[in-house]
Structures are given as C-alpha cells and as structure tokens.
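Please keep the sequence and the three-dimensional view side by side while you read, and look up each residue as it is named. The walk below moves from the loops to the sheet and then to the helices.

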Amino acid sequence: MERPRPSPAQLAWQRDELALFLHFGVNTFTDREWGDGKEDPAIFNPVRLEASQWARAAQSSGFRAVILTAKHHDGFCLWPSATTKHSVASSPWRGGTGDLVREFVIACRAEGLRPGLYLSPWDRNHPTYGDSPRYMDVYIQQLTELCTRYGQLAEVWFDGANGEGPSGKRQVYDWPRIWGTVRRLQPDAVMFSDAGPDVRWCGNESGTAGDPNWSTMNPAAVPYPGADGPGIISALQHGDPAGTVWRPAEVDVSIRPGWFHHPAQDARVRSVDNLVELYLTSVGRNGKLLLNVPPARTGLLHDTDVARLAGMHERLGAMFGHDLAANLTRQANAQEGTATIDLTLEEPTAIAAIRLGEEIAAGQVVSRYSVSGYAAGDWRPLSRGTTIGYARIDRFDPITVSRVRVSIESALATPAVTTVALYAPA
C-alpha cells in the first residue's frame, strides 16, 4: 500500500515553519479571555491600529504566515458581516466603515506573508445559536464571506468550541458542510482543527509536539473537532505510523499567559530563551509553530512582544544560520528499513547541533535513528531519536569531530533523508 503524502498546500504549510496568531477583538477591551456576547460594540476602538506593524514584526522575525481571529466565541466579527450587527460596522473604529480582515490581509501580502483566518464555531451573541440548522446557515454565510472577499487564504482555523444557545440547546455543527465550503471556495487553503481535515492540533497549548510525531493519522482516532475520549490526546500528540491520511501537527502556544492582551501580563512575556526552546520542541519535532502574539488596545503589538520576537529571530540565526555541512559530500547507503549517511568534514570542527529532514513529499518513514561523531580516533554517540519527518533538531554537548554518521536504524520503507545540517556551538 502506498503511504500517505502531503498535498502541495500541506507541503507549503509545513515549510512555513513559523506562523503568528493574532487574538484581537472585544476581549482586548474588556480584559477577558472569553467574552459572553453581550459586549457593546462601542468598546471596540483601537485608535492606533496599524495592521502593517503586525506584518512587519512577523516578517522581520522570520515568520511566514499569520492567522487572525476574525471571530472569537463572543461572536464579534472583525469584518462587516451581513449576518449580524455585532461587528466592526457597529463600532466607532474607522467611523463604522472599517474592515479589519481586509486591512489584515493587505498588510500580510505587502510583507510577503500568507494570511489565514480563525472563525469560531461557537457564537455567544447570535440568536440562532443552538438552533442547529438555522445557525449552520448563518455560520456558512460568515465562512463564505471570509472565503470570497479577501483573496487566497493559506489556512482556515477551526476549533470544537461548543456551548449552549440562549434557549439552552446545544448546537450541533455540520463539519462536512463546513469543510466542504472551504474546499470549494479556497481549494488551496489548509484547514486546521483537532480533527483536521488537513492539519491537526498537537494535543496541548504548551508548545510541545509529541515524540514520536508522525504526520500520518488514523482519521477515526479523532472523529470530529472537540471530540473527547480515551486515546485522543495521545493520537494528537503522536500521530500514527499506520495512519491512512496525511495530517501533520500544528503547535499553538501564546507568548503570554493569556491569548488576548491583558496589561497586567506585560511583564510576563516569554523570554527569548523560552521562545527558542518552543522552536526546538515544535519545528524541531516535525511540527509547525503557531505563536500567539496579541495586539494591545491601541491596535499595535506591545513593544516587549515585538522585542522578544526579534530576539528569538536573532538567536535562531546565530544557532542555525550557518550549515557546516552545506558543501560536504555525503556517502549514503540506503535499503529497505535502514540507511547510513556519512559526512567527512574538511578539518576537525566543533559542532553542537544537527538538523535532519526526510523528503516528506514522498511520505514519512523513519521510526528510529542515531547520530555519532568521529573524535579522537573513536566514534562517539551524539544523539538518538524516533521520528524525523520534515525536521528533527537535536542539540548535544559541543564536540570536535572529523566525521559524522547518521544511522537510520528502523524505517517503514527505504528512507530518504535529504537534510543533514551541522551547526557550531552558538
């Protein structure tokens, strides 16, 4: 049986490596995480809003995609939707004529970034929520507006958030209809949720992908967004080597304790060291990092957050900006289930990290590997691990070596490890 492979859209999504998440809306002005839908739209008035500042901060820090919360659980729409008055059209911002989604996508494209949108299925404001068929029509109309007004989207982001409607009725979501709408209107976008269908949640919000982490999944393991039950978190964390669909893991985490900006958290922004660690436990474990950086009430990203993003970019550049193996000749020997790759350095060189990568366009197969270095007349173990996939980054104590050997000890088929990059101590 041929193993699952990524679509061109999934491959482009993975190669982004870094995406910014922007939680912004009425919660920013009420100092809450979850709004109740009773907010007065008049509170939304970001007097200095500059979406281009968001995009510049993302682009200059090495991010390639950005996702905006077009609507959170409170139901407030950041675009003028025909489905509700609970939107920017009822706010004083831009005199009630603004469209933040439009400003966002224009700013992204000006900086060469790929825009994405999050549309919460839970809506604590709309009166039809809980009347499942009627609200589904409303939600599909909102989704259609977002998918047809703003050009090509890279990602459409869903979760399974589900509460009761005003009548106490539980809303039932028609996920096949939701996904089908996006597929028809934005065929080149990937869809995220814990159940995919294109990209899955990593199973936590701590910035840590699973180990092992397979990009393949058994779709029955997480049947719909928000599903709960034994084994679901493990399935999200680790994927399934026997999975029948390609559904890689997105690692979402916030730069602050909360997801929306709260002034009381301005001194609790993650350190540069911690952000680098997040990169290693997400991108470095075959995932993609979606880092939330919420704009403040002014409509601008806070100076501290911007400085930490810049510091993260500078630190990663110092650690991984120069590949010592870029011009080395490899001696490779691959067969069914195993392989070895030897690299000889031009002279003994100090190294402290290695990045491995499979040719995932052909699938993911490596299940166990080890790395050793030839130093002082002997082979020394440097690192070992399980899955590789798009990227696996290992750090180890600095050691001066003249040769490096990557041993694929177990694989589901003949492995194709195309990335072997070596890095000096930073």
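In this predicted model, A376 counts as exposed because its relative accessibility is 77%, and exposed here means over 50%. A376 is found in the loop between β13 (366-375) and β14 (378-385), and its phi is near 50°, a positive value in a residue other than glycine. E17 also has a positive phi although it is not a glycine, with a value near 65°, and its place is in the loop between α1 (8-16) and β1. E17, however, counts as buried, because its relative accessibility is 10%, and the cut-off for buried is under 20%.

G196 and P197 are joined by a cis peptide bond with an omega of about 15°, and P197 belongs to the loop between β5 and β6. A cis peptide bond also joins D211 to P212, here with an omega of about 5°, and P212 sits in the loop that lies between β6 and β7 (216-217).

From these loops we can turn to the sheet. Strands of a sheet pair through backbone hydrogen bonds, either parallel or antiparallel. Eight strands form an open sheet here, in the order β5-β4-β3-β2-β1-β10-β9-β6, and their pairing is parallel. For β6 the partner is β9 (residues 249-254), which runs parallel to it and is joined to it by two bridges; in one of the pairs, R200 has A249 of β9 as its bridge partner.

Further along the sheet is β3 (114-119), a strand that is largely enclosed by the rest of the structure, because five of its six residues are buried. β3 pairs with β2 in the parallel sense over six bridges, and K71 has L119 in β3 as its bridge partner. Helix α5 (residues 132-149) lies across β2 (65-71), β3 and β4 (155-157), and runs at about 165° to β3.

The last stop is helix α3 (residues 51-60), whose buried residues are A51, Q53, W54, A55, A57 and A58. What covers these buried residues includes β1 (18-22), β2, α4 (100-110) and α9 (303-320). Just after α3 comes G62, which takes a positive phi of about 90°.

Two packed helices are described by the angle between their axes and the distance between the axes. For α3 and α4 the angle is about 35° and the axes are 8 Å apart, and α3 passes α4 in a right-handed crossing. On the α3 side the contact is made by A51, S52, W54 and A55, while α4 contributes L100, E103, F104, A107 and C108. Sorted by class, the residues in this contact are seven nonpolar, one polar and one charged.

Terms used. Residues are numbered from 1 along each chain as its sequence is written. This is a predicted model: local features need pLDDT of at least 70, side-chain atom pairs count only at pLDDT 80 or more; totals for chains, interfaces and linings use all residues. Side-chain values use heavy atoms; hydrogens and water are left out. Two strands pair if DSSP finds at least two bridges between them. Helices (H or I, at least four residues) and strands (E, at least two) are DSSP runs, numbered from the N terminus. Contact means heavy atoms within 4.5 Å. Axes are lines fitted to C-alpha atoms, for helices over the stretch in contact, and angles run from 0 to 180 degrees between N-to-C directions. Buried means under 20% relative accessible area, exposed over 50%, partly exposed in between (1.4 Å probe, protein chains only). A crossing is left-handed if the near helix is turned anticlockwise from the far one by less than a right angle, and right-handed if clockwise. Ala, Val, Leu, Ile, Met, Phe, Trp, Tyr, Cys and Pro count as nonpolar, Asp, Glu, Lys and Arg as charged, and the others, Gly among them, as polar.
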